[in-house]
Amino acid sequence: MTDLHIVVCMKVVPKTEEVRVNPETRRLIRAGARSEINPPDMNALEMALGLKDRHGGRVSILSMGPPTFEPYLRVGLAMGADHVYLLSDPQFGGADTLATTYTLARGIQRMDGADLILCGEESSDGATGQVPPGLAEWLDLPQLTLVTDVTIDAVARRVCGRREIRGGYELLAAPMPAVVSARTACNEPRFMDYRIKRRAFEEGQVTVWRAEDLAADETMIGARGSPTIVSGLDEARVRERRREFLRGTPEEIAQDLLARLGLLD
Ligand SMILES: Cc1cc2nc3c(=O)[nH]c(=O)nc-3n(C[C@H](O)[C@H](O)[C@H](O)COP(=O)(O)OP(=O)(O)OC[C@H]3O[C@@H](n4cnc5c(N)ncnc54)[C@H](O)[C@@H]3O)c2cc1C
């Protein structure tokens, strides 16, 4: 299957420890936070590159976000992906998962579709896990979620996925094209290929599409196409725990502990 086309959806996220939320707008404050590629998306990319190693074809990276995402996505090119498509337009801002999946689906349709669409299981900032199933809905495709490994049968055009469950695993299969979400840390993403890194960063194929390039329905994108309302926001307070250090020799500490636990005769 030399013309196998795999699309990997990648999101650039603020580093988890630097995420803050604006209590008034209830939106993430991204300014000032350092970013990274959403970790499970690196696992999805590794899955795609493994399939490309075995079956040939090409891997495209698809992302919706601001132009600042671009250098992060080029890392994917340096790892072996062939093309980056960045959907970037102020009109896409404020999108909930419905508008995000609509826009990503329009991007995939603009590429004339794909044989496989790979996503991470969830993002480390929004963390809804709704994007992979949402994409499958918009594109009317079957989906395999939370898989740790995928194989494809090029002749039968079937994709098989392995999903870990309590006490074992299950094997899922679907006809291609299909949407697959990859479990976090299910594989070891390869390092950038330093022979192509420079080319990837200087001449790598990055296409930026705006709303008009996608012929997107303006009522379905960005804040306008997002019916989700964040109705409240509570900060989980860290509870200070009471603690006390026992002092003395190990024997004295053991006696003290037994006494406190009421275990001394
Ligand atoms: C009311 C509301 C307003 C919001 N406003 C904003 C806003 O102004 N700015 C903002 O940045 N976010 C905003 N968000 C968050 C935004 O909706 C989500 O980040 C986005 O819809 C993706 O959902 P998720 O992060 O839960 O992805 P998940 O479903 O958890 O992600 C699963 C996988 O889908 C893929 N994926 C997810 N997002 C993308 C993407 N953008 N590009 C490519 N692949 C992707 C990745 O492979 C990822 O691993 C808003 C959310 C709500 C509810």
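User: What's the strand order in the open sheet of three strands, and is the pairing parallel or antiparallel?

Analyst: The order is 10-11-12, and the pairing is antiparallel. Strands here are DSSP runs of E with at least two residues, helices are runs of H or I with at least four, and both are numbered from the N terminus. Two strands pair if DSSP finds at least two bridges between them. Keep in mind this is a predicted model: local features need pLDDT of at least 70, side-chain atom pairs count only at pLDDT 80 or more, and totals for chains, interfaces and linings use all residues. Residues are numbered from 1 along each chain as its sequence is written.

User: Which strands stand at the edges?

Analyst: Strand 10 (149-153) and strand 12 (168-175); each has a single partner strand, so one side of each lacks a neighbour in the sheet.

User: How many bridges join strand 11 to strand 12?

Analyst: Eight, with strand 11 covering residues 158-165. R163 has E170 in strand 12 as its bridge partner.

User: Switching to strand 1: buried or exposed?

Analyst: Mostly covered: five of its five residues, 5-9, are buried (20 or more other C-beta atoms within 10 Å of a residue's own, with C-beta atoms placed from the backbone). H5, V7 and C9 point one way, I6 and V8 the other.

User: And which residue is V7's bridge partner in strand 6?

Analyst: S60. Strand 1 and strand 6 run parallel, joined by five bridges. Strand 1 also pairs with strand 8 in the parallel sense, over three bridges, and V8 stands opposite L118 there.

How values were computed
A residue is buried if 20 or more other C-beta atoms lie within 10 Å of its own, exposed if 12 or fewer, and partly exposed in between; C-beta atoms are placed from the backbone.
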